[in-house]
Structures are given as C-alpha cells and as structure tokens.
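Student: Hi! Could you walk me through this one? I'd like to talk about cavities and aromatic contacts.
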Amino acid sequence: MAMGLPRLVATAFTLTLVSIFLPLPFSLAGEITSIESVPDLQRLMYVAVDGYPCVRLLNLSGEIGCSNPGLSKVVAPIIKLKDVKDLVQPHTVLVTPDEMEDFFTRHCFTSHANKHPLLLLVHQELVHFLFTRIMVSNDLSFASKIGGVLIESGSSFQQKLKGLSPDNMFPQAEFSPYGNVEYKWNPTASSIMWKAYNFPVYLLSESGMSAVHEFLSKKERKHKTYTSDVAEFSMVMETTKAGTHNSEACLQEGTCLPLGGYSVWSSLPPINVSSSNNRKPIVLTVASMDSASFFRDKSFGADSPISGLVALLGAVDALSRVEGFSNLKKQLVFLVLTGETWGYLGSRRFLHELDLHSDAVAGLSDTLIETVLEIGSVGKGLSGGINTFFAHKTRVSSATNKTLDALKVAQDSFASKNIKILSADKTNPGIPPSSLMAFMKKNPQTSAVVLEDFDTKFANKFYHSHLDDLSNVNSSSVVAAASVVARTLYILASDNKDTSSSALGSIQVNASFVEELLACLLSCEPGLSCNLVKDYISPTNTCPGNYAGVMSGEPSSNPYLGSVSDVSRFLWNFLAEKTSVQKGNTTSVCSKGSCSRTDQVCIKAESNKEGTCVVSTTRYVPAYSTRLKYADGAWTILPQNTSDSMGMVDPVWTESNWNTIGLQVYTVQHSAYDNAVLVAGITVATLAYIGIMVAKSFITKALKQD
C-alpha cells in the first residue's frame with residue numbers, strides 16, 4: 001500500500017505535466033463519424049484527384065512533354081501565390097488571374113534560398129507565361145524549384161484570354177511544300193508543347209479542382225500551421241526508368257510505342273474492286289480526326305480539326321439521301337485521317353499505301369485522283385450573320401478552277417445568301433498547315449483546295465490547346481460548311497452537268513444531326529455514350545480525347561478492333577452505312593462480324609447482337625510513320641530514303657510506356673513540428689522522472705515521520 005500511493009501520485013503528476021507542456025490538438029477524430037476498415041482510413045487520409053496528365057513523348061532527336069524526374073513519386077506541398085514570399089520549405093503555388101502579371105515579372109522564386117522543389121497550382125490562362133519563363137528564358141533557378149504543376153481549368157477563362165496555343169507559329173513547318181517557313185499562321189503560339197519538362201504537370205478537372213480547393217480551405221478554416229497539404233504524383237515513365245531518351249532507343253528496349261492509329265476511307269457509290277474497267281476520276285474529300293494539346297487526354301480539337309470532320313460527315317449524310325450517284329461522271333471518295341498532328345502520319349501512310357497498291361486502298365489509284373478538297377477548321381466562320389469561308393488552293397490548274405467554280409455555284413444556290421466563299425489572300429505563302437501539305441510534297445502537281453474559316457492567320461486562338469472545346473465553335477458555321485461542301489461535291493461528281501436549283505436544293509444538311517455529332521465528339525456529356533455513336537459501336541470510353549494514340553499491334557487493313565479507337569470504329573461503321581447500296585437492309589445479318597460476299601461489310605456488329613451486311617467500299621488504313629517497320633512483334637526504324645523528302649524530316653514520334661499515372665493529395669505534419677513533439681516528449685519524460693523522484697522522496701519521509 002505504501003508503494004501504491006507514490007505511484008498514484010507520480011502518475012497524476014505526470015499527466016498534469018503532459019497537459020501543461022503538450023496540449024496536442026488531435027482534430028482527426030472530430031472529422032470521422034466512423035472508421036470500420038483500412039480503406040475507410042485511406043479514403044479519409046488520401047484524396048484522389050481527377051485530371052489530365054502531360055506525358056512523355058519522344059522522337060529521333062530527344063524528348064518532349066512531362067515526367068517525374070526520377071524513379072519514385074514526387075511529393076510536394078501546395079500553396080497559394082499570395083503566400084509565396086513566406087516560403088521556407090517546398091510548396092505548391094496557387095496563382096489567380098489578377099496575380100498573373102506580378103507573379104511572372106517580379107522573379108519571386110529566383111532569389112529564394114529554398115533548395116527544394118515547388119509544386120505550382122496555376123490557372124490555365126497562365127500556362128503560356130509559366131512555361132515560357134521556364135523554357136524560353138532558360139530561368140533554371142526558377143525551374144529547379146518546381147516539383148510539379150497543377151493547372152486549374154474552367155470555361156470562364158476563355159473569354160478573358162487573348163489566346164493560348166502551345167503549338168508553333170507555323171505548325172509542322174518542316175513538311176511545308178514552300179520555303180517561307182517563318183510565316184506566322186498561328187500568332188498566339190508559345191511552342192511550350194514541344195519542350196521537355198522534368199517534372200509532372202496535371203490539368204485539373206472540375207472535380208479535381210474542387211477537391212484541391214476543398215483540401216486547402218480545410219487548413220485555412222482550422223489554422224493548422226503545423227501541417228502541409230501535399231500533392232503526390234505517380235508519373236514515372238518507363239523511358240525514364242530505362243534511360244531511353246529518344247525513339248530509336250526506346251523502341252529497341254520496348255519502353256515506348258509509336259504514335260498512330262487507323263484512318264478510314266469510303267466511296268460513294270461503292271467501287272467494284274474486282275474490276276479495273278471503267279474506273280471513274282476520283283474527287284477525294286479529306287478531313288482529320290485527331291488533335292493535340294499539352295495534355296494527352298484533353299485534346300478535343302473542336303475547331304481544329306473536328307469541325308471539319310463533322311462538316312464532312314454532315315455532307316455525307318446529306319448526299320446519302322440523293323439518288324443516282326452511280327450515274328454521275330466522277331467517283332466520290334471520303335478520307336478521314338488520324339495522326340496528322342504528329343508528322344502527317346495518316347496522309348503520308350495513305351499515299352504510301354497507294355504506292356504499294358496494298359489491300360488497305362484496293363480500288364483506289366493515285367492516278368485517278370483528279371482533285372482533292374480538304375475541310376479544315378470551319379467552326380468559326382459565322383460573323384454578322386454571314387458564314388464566311390476561305391478557299392486556299394495548291395496551284396492554278398483546270399481541276400482547281402473547277403473546284404473553286406463549284407464552291408461559288410454551291411454558295412449561290414442557297415436562298416438565304418448567308419454563306420460566302422472567298423479566295424484566300426494571294427500574298428499568303430501557300431496553303432496553311434493541312435493534310436494537303438503531304439499531298440503536295442508527294443506530288444507538287446496535286447490540284448487541291450482546303451476550305452478554312454480563316455484567311456491569313458488562324459481564327460482559332462486556342463489551336464491545339466485544351467481550351468479548343470465545344471464552346472469554341474459555332475454549330476451554325478459547321479452546318480453551313482457541311483451544306484456548301486455537300487453541294488460542291490455533287491457539282492464536281494456530276495461534272496457540272498446537273499447544277500439546276502432543284503437538284504442542288506434537294507441536298508439538305510440535317511442541322512440536328514450536326515449538333516448531335518458535335519456533342520458526341522466534343523464533350524464528355526453525353527460524349528461517346530450518345531445514342532448516335534452507340535447505334536454503331538460499343539464505346540470503351542465516354543470522353544472523346546481525340547488524341548491519335550499509339551499503335552499497339554501489327555498494322556493491318558483488317559485490324560483487331562480492340563486496337564482501333566472508338567472514333568475510328570464509329571467513323572468506319574457510319575461511313576459504311578451512309579455510302580452503302582443496301583441501307584437499312586435487315587435481311588442479311590452477320591453474327592460474327594463477317595459477310596459471305598466480298599463486296600459486303602458488316603456494320604453495327606458491336607452495338608447489336610447481329611450486325612447487318614451491306615455493299616460498301618469502306619476500309620481501315622493504318623496510320624504510322626513511313627520510317628517504321630513492324631516485324632516479329634517489335635518496331636524498328638528504317639534507314640532514311642533520300643527519295644522520300646517527308647521521310648527525311650520525319651521525327652518518328654513515340655509515347656513512353658508507364659505502369660500507373662495518378663495524383664492524390666493529403667496532409668502531412670511539418671518535420672519541425674515532429675521535432676518539437678520529440679523534444680516535448682523528452683522534456684516531459686525527464687520532468688516526470690524528476691517529479692517522481694521528488695514525490696517519492698517526499699512521501700517516503702512523510703511515512704517515516706508517521
């Protein structure tokens with residue numbers, strides 16, 4: 001009993017000291033209603049953030065894009081710009097629009113003594129200024145302090161910005177058929193997407209932005225100065241792990257895959273492939289399906305180039321309701337290319353397949369192509385109630401003149417007179433960046449016209465930016481472009497023999513169809529889950545990224561559909577139906593995706609248990625670099641061929657492999673606080689020991705006196 005009392009007194013004394021010296025505020029329990037499992041605890045501690053990464057791409061010369069600098073995750077705290085001057089440890093910087101100019105002119109980081117990397121949270125309107133400072137001005141002191149970058153998103157910034165284009169002033173100038181490659185087609189360009197960044201960069205989605213802001217606001221409300229909110233990036237690229245820093249090295253080691261995909265072409269009416277007799281001259285209509293941006297999966301490319309693609313599909317839909325195409329003088333062929341952003345992969349490969357007379361282009365011949373009409377950016381043609389488009393021609397020829405004349409006749413056929421076709425300025429150095437450049441480099445005598453919504457410079461101030469979304473185009477402009485293209489093609493196919501107002505007036509574009517298609521291809525709601533797309537295929541993704549993607553297997557004109565993108569598969573099925581002879585025939589079914597007749601194709605086999613066999617000449621064409629060869633399950637780079645001028649400048653783009661890409665935020669205690677707790681603990685233990693000894697001595701003396 002004598003020993004129990006001293007211990008009791010000592011314990012009480014110790015707890016008193018603890019309450020005095022270490023009043024630790026544990027607020028975690030106050031935030032938890034119940035934790036029943038480890039996953040519950042993980043969800044409480046770690047918040048997954050949704051967004052769109054900038055990834056590592058490679059070419060023969062080196063790397064571009066973004067990656068974790070090493071083999072491990074990047075963890076760096078987040079902070080707002082207004083607190084930057086108080087930094088003593090690595091942080092994330094949140095920049096608001098009104099702070100933009102001050103942030104990028106006062107060099108607030110360059111003189112800072114902090115040796116640790118920063119993690120920047122930046123409004124999307126500041127992307128140009130941030131990366132221009134990092135790379136163009138070579139401010140290595142600033143760049144070395146960045147651990148990662150979070151870009152805020154939101155459509156509200158688009159109206160404020162004068163422009164945001166991460167591409168070059170003259171995109172893909174190395175493929176230009178003319179010498180003036182200094183011409184500024186894209187005056188808002190910053191070129192930041194063609195640089196390499198050794199830190200991760202994420203564009204936050206709306207939900208991701210809300211999660212980050214909510215995380216930051218919790219700390220502000222509770223004034224927890226002993227904790228930090230950090231972002232953890234999992235963006236380790238396989239090329240970084242293996243030390244393969246160009247396309248040749250990474251393809252040899254298998255740490256990357258070449259960029260590419262599958263283009264689609266279709267003829268109206270179908271071509272009798274088995275016979276080469278009585279082949280008609282071809283009017284080839286071209287559009288592109290792929291775009292690019294700084295962020296891999298946020299490449300809608302609404303105006304450039306998807307508005308042109310939608311206009312083409314709208315024209316095909318209108319022409320599919322016109323009877324008697326088999327009696328016309330010319331053969332219409334529609335070609336939708338992919339990979340055009342990355343060295344005109346689609347058009348170059350298509351022309352190469354024509355040279356090889358491969359199965360992918362059976363029924364076609366380059367000698368039969370009389371003229372080419374490309375539909376470029378047509379989403380911003382509406383101004384003052386008039387839809388104005390500019391015809392850029394490759395050269396003066398009778399075929400080119402026929403196309404220009406047909407465009408004029410089509411323009412005049414509309415009673416509303418709200419469509420105007422103008423010839424491009426003669427002072428332009430040549431055609432703007434477009435697929436026609438590949439055709440011209442291949443054959444300078446190509447007669448072609450590209451229809452655009454601009455004359456001397458891009459009307460799209462968000463060219464190849466993540467901001468080139470549905471809000472950046474006008475559906476009325478796309479409908480107008482589709483209408484004039486449909487009637488122009490009919491005039492060209494009939495060889496100007498039937499251009500009466502009644503014949504042309506019967507060709508009407510379905511505006512509702514165009515608007516629905518824009519929503520399907522340029523938004524995530526409904527996106528590719530829209531009824532129009534699901535009527536043809538079963539999409540694997542809802543959001544249409546419109547990024548070219550990679551070639552994951554052996555290229556083929558009859559590819560494994562699992563390696564073909566959603567958009568390519570939709571286009572193949574749509575064009576096959578609209579150009580077919582047996583539209584709507586439900587008697588000939590194809591349960592396993594194949595038809596008994598060689599001139600038939602099976603459509604809608606994905607969306608229905610049983611597809612439909614129709615007579616159609618619709619084909620996939622692999623789109624990948626002509627410098628690449630696939631053999632024995634691997635890709636190799638072919639030697640340069642001096643006779644191939646485009647191959648000589650081909651960058652051969654590849655994309656690095658990766659295991660996982662992810663971003664999460666969570667709260668950590670400052671190391672200084674941990675050290676303070678340790679010191680406090682040691683102090684408490686020491687004082688407690690002294691207190692116990694004093695109390696023991698005091699109590700022992702008191703008991704002896706008793």
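Tutor: Happy to. A cavity here is a set of grid points where a 1.4 Å probe fits but cannot get out, and its volume is the space filled by probe spheres set on the points. Keep in mind that this is a predicted model.

Student: Okay, how many cavities of 30 Å³ or more does a search of the whole structure find?
Tutor: The search finds four. The largest cavity holds about 320 Å³ of space.

Student: Which residues lie nearest the centre of the largest cavity?
Tutor: Those are Ser288, Pro305, Pro433, Ser434 and Tyr463, out of 25 lining residues. Helix H10 (302–319) and strand E17 (369–375) are the elements that give two or more residues to that lining, and H10 has the largest share, with three.

Student: And how do the residues of that lining divide into nonpolar, polar and charged?
Tutor: For the largest cavity, nine are nonpolar, ten polar and six charged.

Student: What about the second largest cavity, how much space lies in it?
Tutor: About 120 Å³. Its lining has nine nonpolar residues, two polar and one charged. Domain 1 (39–112 + 124–245 + 661–669) and domain 2 (279–553 + 567–578) each give at least three residues to that lining. Among the lining residues are Met193, Arg296, Trp342 and Tyr547.

Student: Let's stay with Trp342. Buried or exposed?
Tutor: Trp342 is buried, with a relative accessible area of 2%.

Student: Why is the pair of Trp342 and Trp653 called edge-to-face?
Tutor: Because their planes are at 70 degrees, and planes over 60 degrees apart count as edge-to-face. The ring centres of Trp342 and Trp653 are 5.5 Å apart. Trp342 lies in the loop between E16 and H11, and Trp653 in the loop between helix H19 (645–648) and strand E28 (654–656), so the pair ties together parts that are 311 residues apart in sequence. Both Trp342 and Trp653 are buried.

Student: Switching to the overall count, how many aromatic pairs does a search of the whole structure find?
Tutor: It finds 24. One of them is Trp194 with Trp342, edge-to-face at 5.5 Å centre to centre and 70 degrees between the planes. Trp194 is in the loop between strand E9 (146–152) and strand E10 (196–197), 148 residues from Trp342.

Student: Which residues form an aromatic cluster?
Tutor: Tyr183, Trp185, Phe454, Phe458 and Tyr463 form one. Tyr463 also came up among the residues nearest the centre of the largest cavity.

Student: Last topic: where does the charged end of Arg487 sit?
Tutor: Over the ring of Phe414, 4.0 Å from its centre. Arg349 lies over the face of Tyr624, at 3.9 Å from the ring centre.

Notes: Residues are numbered from 1 along each chain as its sequence is written. This is a predicted model: local features need pLDDT of at least 70, side-chain atom pairs count only at pLDDT 80 or more; totals for chains, interfaces and linings use all residues. Side-chain values use heavy atoms; hydrogens and water are left out. Rings of Phe, Tyr and Trp (its six-membered ring) pair if their centres lie within 6.5 Å; planes under 30 degrees apart count as stacked, over 60 as edge-to-face and the rest as tilted. Helices (H or I, at least four residues) and strands (E, at least two) are DSSP runs, numbered from the N terminus. Buried means under 20% relative accessible area, exposed over 50%, partly exposed in between (1.4 Å probe, protein chains only). A charge sits over a ring if NZ of Lys or CZ of Arg is within 6 Å of the ring centre and within 35 degrees of the ring normal. On a 1 Å grid over the protein atoms alone, a cavity is a set of points where a 1.4 Å probe fits but cannot get out, and a pocket is an open set with protein on both sides within 12 Å along at least five of seven lines; lining residues have an atom within 4 Å of a point. Ala, Val, Leu, Ile, Met, Phe, Trp, Tyr, Cys and Pro count as nonpolar, Asp, Glu, Lys and Arg as charged, and the others, Gly among them, as polar. Domain bounds come from an automatic or database domain assignment.
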